[in-house]
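Here is a short briefing on one protein model. Keep the structure open as you read.

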Amino acid sequence: MPIKFSREWSLIVALCCMWTQVACDHSTAHSRDRVLPVEKAEVVAAFPHDPEAFSQGLVVEGGTLYESTGLFGSSSLRIVDLETGKVQKIVRLNDQYFGEGLTKRGDQLIQITWKNREAFVFDAATLEYKTTIRYAGEGWGLTRWGEHLVMSDGSSVLKVLEPETFRVLRKISVRADGRAVSDLNELETVGNEIWANIWHRDLILRIDPRTGEGIGWIDLSHLFPSNRRPHQEAVLNGIAYDPVKGRLFVTGKNWPQLFEIRVASLPEPAVKKP
């Protein structure tokens with residue numbers, strides 16, 4: 001037979017359920033708002049880098065570095081020898097373009113622009129221009145994530161793009177330490193994560209692209225102290241990861257060096273050393 005409760009007992013049960021839900025919500029919020037761990041990068045090696053290069057996008061493959069540089073009238077796409085920093089091939093953009101993020105997809109390089117709303121596709125071996133892809137909004141950073149591309153625009157939102165058309169497939173709202181993280185700039189895919197420079201901060205944020213939640217910070221403030229930089233905009237910008245050898249490189253705008261760094265959160269390389 002059914003059990004009948006008094007009004008008083010029903011009220012007690014309802015209050016208990018409410019307090020349980022409040023406690024669960026508080027626990028979930030606390031988990032979302034936790035302070036993320038900070039790793040200090042270890043410098044493995046330093047390589048020459050063109051101090052005239054206003055670095056915006058960086059890709060590495062073996063001993064070759066691909067670099068996109070910015071500024072109106074000075075933007076370029078380069079193939080650089082990693083060890084020596086020597087520019088092997090260069091294509092200069094027309095003066096009305098401000099070069100930004102860069103990624104490699106197969107045998108092609110894709111370079112975006114800041115406010116021009118145009119992405120240029122080049123042959124990776126020869127830097128021969130192939131085509132232009134148009135998109136909405138600003139372009140800051142770019143990385144290849146699986147079959148798709150991910151682009152930043154200086155906000156706290158990353159756009160997942162169809163690579164042939166730049167059609168927006170979905171958006172990722174990025175949060176860390178309990179708040180939205182704006183000024184997301186240069187991007188790099190590292191394992192199953194997306195790593196992002198934060199404009200005007202000597203930090204990289206590790207991001208879970210499925211949820212947008214921050215996983216941890218990487219502190220790079222000791223690489224090139226601000227009092228040695230040539231100007232205020234000579235900030236950290238440029239992340240390049242070689243998944244085959246497990247090597248990670250960073251630089252900045254008009255920095256004279258490119259740094260190979262190591263952090264504990266780097267995934268195991270695809271090819272392990274003998």
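**Briefing: loops, strands and spaces**

Pro256 is partly exposed, with a relative accessible area of 35%. Pro256 sits in the loop between strand S22 (247-252) and strand S23 (257-262). In sequence, Pro256 and Ala46 are 210 residues apart, but their C-alpha atoms lie 9.8 Å from each other in space. Note that the model is predicted. The points below cover the open sheet, a second hairpin, the pocket, the cavity and some backbone details.

**The open sheet**

- Four strands make up an open sheet, in the order S11-S12-S13-S14. Their pairing is antiparallel.
- S11 and strand S14 (168-173) are the edge strands, and each pairs on one side only.
- Direction ignored, neighbouring strands of this sheet are turned by 25 degrees against each other on average.
- Strand S11 (residues 142-145) pairs with strand S12 (residues 148-151) over four antiparallel bridges. Within that pairing, Leu142 stands opposite Met151 of S12.
- S11 and S12 form a hairpin with two residues between the strands. Gly146 in this hairpin takes a positive phi near 65 degrees.
- Strand S13 (residues 157-161) is joined to S14 by five bridges, and the two run antiparallel. Val157 has Ser173 in S14 as its bridge partner.
- In a regular strand, side chains alternate between the two faces of the sheet.

- S17 is largely enclosed by the rest of the structure, because seven of its seven residues are buried.
- S17 runs antiparallel to strand S18 (residues 193-198), and five bridges join them.
- Leu187 is paired through a bridge with Ala196 in S18.
- Two residues separate S17 and S18 in their hairpin. In the turn, Gly191 has a positive phi of about 65 degrees.

**The largest pocket**

- The largest pocket has a volume of about 450 Å³.
- Which residues of the lining are closest to the centre of the largest pocket? They are Lys104, Arg144, Glu188, Tyr241 and Pro243, out of 18 lining residues.
- Five strands each supply at least two residues of this lining: strand S3 (55-61), strand S7 (99-105), S11, strand S17 (184-190) and strand S21 (236-242).
- By class, the pocket lining has six nonpolar, seven polar and five charged residues.

- Thr103 belongs to strand S7.
- Is Thr103 buried or exposed? Thr103 counts as buried, because its relative accessibility is 6% and the cut-off for buried is under 20%.
- A polar atom of the Thr103 side chain lies 3.1 Å from the backbone nitrogen of Arg144. Arg144 is also one of the residues closest to the centre of the largest pocket.

**The cavity**

- How many cavities of 30 Å³ or more are there? The count comes to one.
- The largest cavity has a volume of about 70 Å³.
- Its lining includes Pro48, His49, Asp50, Leu65, Glu67, Arg78, Val80 and Asp81. Leu82, Gly85, Val87 and Leu258 are also among the lining residues.
- S4 and S5 each supply at least two residues of the cavity lining. S5 gives the most, with three residues.
- The cavity lining divides into six nonpolar, two polar and four charged residues.

- Most residues other than glycine have a negative phi. Two residues are worth checking here.
- Leu71 is not a glycine, yet has a positive phi of about 85 degrees. Leu71 lies in the loop between strand S4 (64-69) and strand S5 (76-81). Leu71 counts as partly exposed, at 34% relative accessibility.
- Asp177 has a positive phi near 55 degrees, and is a residue other than glycine. Asp177 is in the loop between strand S15 (175-176) and strand S16 (179-180). At 21% relative accessibility, Asp177 counts as partly exposed.

Technical notes:
Residues numbered from 1 in each chain as written. Predicted model: local features only at pLDDT ≥ 70, side-chain atom pairs only at ≥ 80, totals over all residues. Heavy atoms only, no water. Pairing = 2+ DSSP bridges. 1 Å grid on protein atoms, 1.4 Å probe; cavity = no way out; pocket = protein on both sides within 12 Å on 5 of 7 lines; lining within 4 Å. Points joined across faces, edges and corners; volume = space filled by probe spheres on them. Nonpolar A, V, L, I, M, F, W, Y, C, P; charged D, E, K, R; others polar. Axes fitted to C-alpha atoms, helices over the stretch in contact; angles between N-to-C directions. Buried < 20%, exposed > 50% of the residue type's maximum accessible area, 1.4 Å probe, protein only. Polar contact = N/O pair within 3.5 Å; in protein donor to acceptor, adjacent residues only side chain to side chain.
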